[in-house]
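Visitor: I would like to learn how to read the features of a helical model. Please take them in turn, with the general idea before the case.

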Amino acid sequence: MKHLFILLTVITIATMTKVKAQTFDLKRLASYETTLDDVMEIIDKKLVKEKLKEVEDVFNKNSNELNTVRLGLIYHDIALNLTFFDKTKEYAGYAQKSYDVLTKLSGNKNTTPELMVFIESYRASSLSLIAGETKKLSLLGKAFEIFANTIEKYASVSPRPEFMRGSVSENLPFFMWKKRKFARVDFESIIKKQKQNTSYADFRIMSFSYWAWARANSGKKHRKQAIEYLNKAIEIDPNYKAGRKRAEELKAKYSRQ
């Protein structure tokens, strides 16, 4: 009887996994990566402002699901670039706007499964930005819970969940070492997956990931590997669209030590 129970459990789990795989289309996920590319990881502050107007104009004309996701993502990048890094008061509150838009999508059972990769990753990141604005550490804890759940579900098929958690982690103060450790863990994981599957992540994610790994592993014992990764970050980003500038600066700093 015990063996029968175990067998039934295994069959049930296998069936659930199969159903989950059938309802998640990797080709569609790849298509969304391309479609959403222009509103993710923007580092040009002039460009992010221009994109904000463009995305809002399109959304006001057609508030369909994809345009709503784009709105949530551009709000996130506005918050990151202009309130977190630049402290521009004019753009205060955009992290909350992003979180609200993405949370509504997250709570809708009809939301396209492949879009949930982006929705949950950026929703967690937006909440961490809100925590920074409001100084409410409980929100940061909630953000990392969302990250953990999203990574468990989607990290095998997309670098977004680990990339976003790693990016948040590397910007936390030193005394939050328990969460800062994820900067090392997540970028290491992305690099490992990329070695196994060269189409896992695009050049921007990889350029930032190589730089971030080198930054998180700043000790002399990791220096050879760090320089190797910094060279890769520079090589794959010839037009300075991702981590090249930061990689060059960090490489120069390491060479002086």
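Guide: A crossing of two helices is left-handed if the near helix is turned anticlockwise from the far one by less than a right angle, and right-handed if clockwise. The crossing of H4 and H6 is left-handed. The model is a predicted one, in which local features need pLDDT of at least 70, side-chain atom pairs count only at pLDDT 80 or more, and totals for chains, interfaces and linings use all residues. Residues are numbered from 1 along each chain as its sequence is written, and side-chain values use heavy atoms, with hydrogens and water left out.

Visitor: How many helices and strands does the protein have?

Guide: Helices (H or I, at least four residues) and strands (E, at least two) are DSSP runs, numbered from the N terminus. Here there are 12 helices and 0 strands. The radius of gyration is taken over C-alpha atoms, and the globule rule is 2.2 Å times the number of residues to the power 0.38. For this protein the radius is 19 Å, close to the 18 Å that the rule gives for 257 residues, so the protein is as compact as a globular protein of that length. Its C-alpha atoms fill a box of roughly 70 × 50 × 35 Å along the principal axes.

Visitor: What share of the contacts in the protein with a separation of 6 or more comes from residues 24 or more positions apart?

Guide: Contact means heavy atoms within 4.5 Å. Of the contacts with a separation of 6 or more, 63% are between residues 24 or more positions apart.

Visitor: How is a pair of packed helices described?

Guide: The description consists of the angle between the two axes and the distance between them. Axes are lines fitted to C-alpha atoms, for helices over the stretch in contact, and angles run from 0 to 180 degrees between N-to-C directions. Angles under 35 degrees count as roughly parallel, over 145 as roughly antiparallel, 65 to 115 as roughly perpendicular and the rest as oblique. H4 (residues 65-85) and H6 (residues 116-134) pack at about 30°, with their axes 10 Å apart. H4 and H6 are therefore roughly parallel to each other.

Visitor: Which residues of H4 and H6 meet?

Guide: From H4 come Val 69, Leu 73, His 76, Asp 77, Ala 79, Leu 80, Thr 83 and Phe 84, and from H6 come Phe 118, Ile 119, Tyr 122, Ser 125, Ser 126, Leu 129 and Glu 133. They divide into 9 nonpolar, 4 polar and 2 charged. Ala, Val, Leu, Ile, Met, Phe, Trp, Tyr, Cys and Pro count as nonpolar, Asp, Glu, Lys and Arg as charged, and the others, Gly among them, as polar.

Visitor: At what angle do the axes of H2 and H4 cross?

Guide: The axes of H2 (residues 26-36) and H4 cross at roughly 55° and come within 11 Å. That makes H2 oblique to H4. The crossing is right-handed. The contact is made by Tyr 32, Thr 35 and Leu 36 of H2 and by Leu 66, Val 69, Arg 70 and Leu 73 of H4. This contact divides into 5 nonpolar residues, 1 polar and 1 charged.

Visitor: Is Lys 51 buried or exposed?

Guide: Buried means under 20% relative accessible area, exposed over 50%, partly exposed in between (1.4 Å probe, protein chains only). Lys 51, in helix H3 (residues 45-61), is buried, with a relative accessible area of 13%. Not counting residues up to four places away in sequence, Lys 51 touches Asp 38, Ile 42 and Ile 74. Buried residues make up 46% of the 257 residues.

Visitor: Which residues does Ser 207 touch?

Guide: Ser 207 is found in helix H10 (residues 203-216) and is buried, with a relative accessible area of 0%. With residues up to four places away left out, Ser 207 touches Ala 233, Ile 236, Asp 237, Ala 242, Gly 243 and Arg 244. The C-alpha atoms of Ser 207 and Asp 237, 30 residues apart along the chain, are separated by 6.6 Å.

Visitor: Where does Glu 41 lie?

Guide: Glu 41 lies in the loop between H2 and H3. Its phi is positive, about 55°, although Glu 41 is not a glycine. Glu 41 is buried, at 14% relative accessible area. Lys 135 also has a positive phi, near 65°, and lies in the loop between H6 and H7 (137-154). Lys 135 is exposed, at 68%.
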